[in-house]
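Hi,

Here is the structure I promised to send over. Have a look, and my notes follow below.

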Amino acid sequence: MLLLVLTSCFSAVMLPTAKRHIDLAYSEMHRKISNNQLVTVGELKTAVTRYWVMAETGSSQFVIARSVTCVASGVMCLLMGLTLLHAEKRKFSYDGEVSSNYKWSIKLILLVQTIGVIVGGIAPVMRWFIVARFKSSKIGHKSFKDELKVETYWNESLVYWRDRSVPLQVGSHILRKLVYDAKRLLLNICIGVQSAIVRASKLALLISATFLKVLLFCFQRIKKRDVESSRGMEQDYSRYVLLLEGESQLPQKTLRNICNEVDKLIQIGKKKQPNNLIDFLKVSANFNGVGKFDPHEVLSLHFDQKTPNCWSLPVMTLTAIAISLNIVDDNKRVNHFLSAVGEGLYFAKLVERTLDKNGDLTSILHAADVVWVGVEFSRKWLDNDLQDASVGGGSPNETLQKLSRIADDIFTNEMNDPLMQNPFYWPLKVIAARSMYRVTQTILLSHTNNDSLTDEELFERLSVMISDILAACLTNLVPVVILKCHSNVIEEREESVRRAAVLLGQSEGILEIPPSRDLPSLDPIKAAYIKECRATMALNRPGIDVFIE
């Protein structure tokens, strides 16, 4: 038992160095994956699986679990279990009187200890058996000296502590030298113990693997069909297994189980696919709506030229206008419309918050969130009932003019404060009012010569415009999934990839929509900003009237 505790303690000393080596290998693999151009859903799945393999095999728990010292602890647990079983056998075969201060309870104590050792030793023994069985197929590939070699990462921390100077501020030079020599002696002993434990663990693994090889000799003929069927995947992902110096590749079954976990997570996400949104996005035939909702003909309100914009806010504003029209009697249709837009805003906000590293869109995203709650649940925009006669109820132009006037009044009343000249200090309702004013004025300008436009026709045009904006925004889902996979903190990588895999399953239907449209490719940092997308479209597609703020 003391040997088991000592082995665990010295294994923990190795962990910081092992994490550093694993992190360097992860950074190199991450650089290679991130440089690949991902186009199809299949390629994205492959990238997510690679990140999952790196996160799983690079986690601290997995590094410790596959280390030789941890495997050797399985042998110790097996020996302790066999010892207690032998004691149990002697107890039941002994008919004499038990001479102990515990009297009759000695049998119960022994039984409880045996059960505890068996239950606690199942995992270490199984881990030892799997590694020993895999090791048995590798016997003969290395010399005996190489098999017992102690890699540098085992003693790297101890060597660093041994060679560093004494941090104590002692005036006497002789005393400082005595402390330094004592420290070196103690750490040299620790290094020797650590090396002895590692060599003993490797020797125990080698002996048990040799023993298993003899026992399994008659089962060496494995069906070639099984081997070939399992190689197709593992050979592709085995390069992404993060290993330390001297470690062998993982068994094929272990790697296959790791990869299968990603498939299960993707399937969980598929059950949550936004079907309403997928149907709604198919309405969009191009991305013209991105450039049409805010043209340069609309006069700016005061000092709003430098106001940032986001994908979510114009979508929310256009939706509020759409449900204020006189088609609201068709509740089923409007509810389906709101459900699709709500699903789209969920992904749009996810895109923006993931790509907005500098937090430039924090206030405007918060404004979009708050206003959307009123639109979705109460059919209200800034406490104005969108279905009330004071807002809707007339012709489309009258409804647009009422909404524009309300937005103008809110904006003008709030601009009396000198701080309001800086858009970053604007309150939520001012941001929402500015967006409503510009969008309503845009629609009014585009339909000045078309007074016969009905509510139904305007609703359809607004739906297409919203679909265009959401479709353009969601083209950024691929870099978002990749960014979700990556984390600089080792302990957070598994959870990050887990969330990314579920997101991939959720968005698979969106990503599989045929790319019949072209959108200028942007840097992932710029892709969060609708302003950058509109500016690029203005350069690449001059036929579309785009207002660049």
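In α16, Asn 397, Leu 400, Gln 401, Leu 403, Ser 404, Ala 407, Asp 408, Ile 410, Phe 411 and Glu 414 meet a set of α17 residues that includes Lys 429, Ala 433, Tyr 437 and Leu 444 (contact means heavy atoms within 4.5 Å; helices are DSSP runs of H or I, at least four residues, numbered from the N terminus). The contact residues split into eleven nonpolar, five polar and four charged (Asp, Glu, Lys and Arg count as charged; Ala, Val, Leu, Ile, Met, Phe, Trp, Tyr, Cys and Pro as nonpolar; the others, Gly among them, as polar).

Bear in mind that this is a predicted model: local features need pLDDT of at least 70, side-chain atom pairs count only at pLDDT 80 or more, and totals for chains, interfaces and linings use all residues. Residues are numbered from 1 along each chain as its sequence is written, and side-chain values use heavy atoms, with hydrogens and water left out.

On to charges: the whole structure has 18 salt bridges (a side-chain nitrogen of Lys or Arg within 4 Å of a carboxyl oxygen of Asp or Glu). Lys 45, Lys 270 and Glu 508 form a network of them. Glu 508 pairs with Lys 45 at 3.6 Å, N to O; Glu 508 sits in α20 and Lys 45 in α2, so this pair ties together parts 463 residues apart in sequence. Glu 508 also bridges to Lys 270 at 3.4 Å, N to O. Since Lys 270 is in α10 and Glu 508 in α20, that link joins parts 238 residues apart in sequence.

Cheers

Conventions:
Helix = DSSP H or I, 4+ residues; strand = E, 2+ residues; numbered from the N terminus.
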